[in-house]
Amino acid sequence: MPKKILLVDDSALMRRVLCDIIDSDERFQVVARATNGLEAFDLLSRNQYDAVVLDVNMPKMNGLQLLEELRKFKIPARVMMASTDTKEGAKTTLDALELGALDFIHKPDSAVDCRVADFKDELLRILDVVANSKLPVFEPAEKIQENRRTTAKMVDIAKKFSGKTPGTKIVAIASSTGGPKALQSVIPRLPAELDAPVLLVQHMPKGFTASLAERLNDLSAIGVKEAQEGDELKNGMVYVAMGGKHMNVKNAGGKYIIHYSDEPSREGVKPCANYMYESLSNSSYDKIICVVMTGMGADGTEGIRNLEAKKPVHVISQNQESCTVYGMPKSVVNAGLSDQVVPLEQIAQEIILNVGVKA
């Protein structure tokens, strides 16, 4: 039985084109359409759909306002954003992901361009992930304060055991679908005193990762930035891989720096976490903490396997119950590479306990 899709867009032409694309795939069927957020809210209040394809700019109630109302009334919906805003409007996209949208696609300005094969394939690929993912969980606004209290407790514990995490360490995180929201339960819980640098590959296009890094930095005690070519790795900093390039770690005169490469996409993504992990194979770090979080596909598995052959690694995988999409962590677990499988809420504390904090 095909997945039931609700399509929300104020343009009649765009609705028709998107509907044709979605209905052309036997996995999906557009069973309802809405021209604005108000109509969509009414439909979602009375019916259940496997996924919602949602525009941003609409009259009466726009896409972000609809997500806010769904959150307010705790009406769960699997939403993918499809808007011309999502290419340059990275902030808008991140707002949507925070409010419960699971993924996004840039919709061409012209309905004619929507018929291009690349757009059609990508729309259907993302729609399949969203329609089969877990429903979003709405968290209370007090979460950030709770994060900071938890971090303070973990720092105190880590200081007591500081002598038990000797040597130089580095943390390398991989995440994809569901990642931008899930990372807010991890990065803000890491302290500024963390005794290791943190590398982060989140699958996002060029132009979005700078906004992601800025948002995480605003929420966190630890510093967060979009990694730039030549950045020297420092403890207590998170380096977010730039969209559209592969992030590597390079030894430059005894210092470790960020180096970007432009190989083709790997595992269908760019940046790819496999390159990040493999670039650490010839480093002198005494311990490498690999963290694999929510996301589709298998990015991270091959890279960690190749890294493990040369370096001591400790692998933390997010558990199935807390993942939006249990793909990347599942692949690592099935490959026998995971040392720990933990809920999202425990990932930060395991990182802290494994690498320690500066005295």
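The largest pocket and its lining

Guide: Helix α6 supplies 6 residues to the lining of the largest pocket, the largest share of any element. This is a predicted model, in which local features need pLDDT of at least 70 and side-chain atom pairs count only at pLDDT 80 or more, while totals for chains, interfaces and linings use all residues. Residues are numbered from 1 along each chain as its sequence is written, and side-chain values use heavy atoms, without hydrogens and water.

The space in the largest pocket comes to about 900 Å³. Its lining is made up of 35 residues, among which F104, E122, R125, I126 and P205 lie closest to the centre. Two or more lining residues come from each of α4 (85–88), β5 (103–106) and α6 (117–131), these being DSSP runs numbered from the N terminus (helices H or I, at least four residues; strands E, at least two). Sorted by class, the lining holds 14 nonpolar, 11 charged and 10 polar residues.

The second largest pocket, for its part, contains about 390 Å³ of space. Here 22 residues form the lining, and V137, K181, S322, T324 and L344 are the closest to the centre. Helix α8, residues 179–182, contributes the most to this second lining, with 4 residues, and the classes divide into 10 nonpolar, 6 polar and 6 charged residues.

A pocket here is an open set of points on a 1 Å grid where a 1.4 Å probe fits, with protein on both sides within 12 Å along at least five of seven lines, and lining residues have an atom within 4 Å of a point.

Notes
Grid points are joined across faces, edges and corners, and a volume is the space filled by probe spheres set on the points. Ala, Val, Leu, Ile, Met, Phe, Trp, Tyr, Cys and Pro count as nonpolar, Asp, Glu, Lys and Arg as charged, and the others, Gly among them, as polar.
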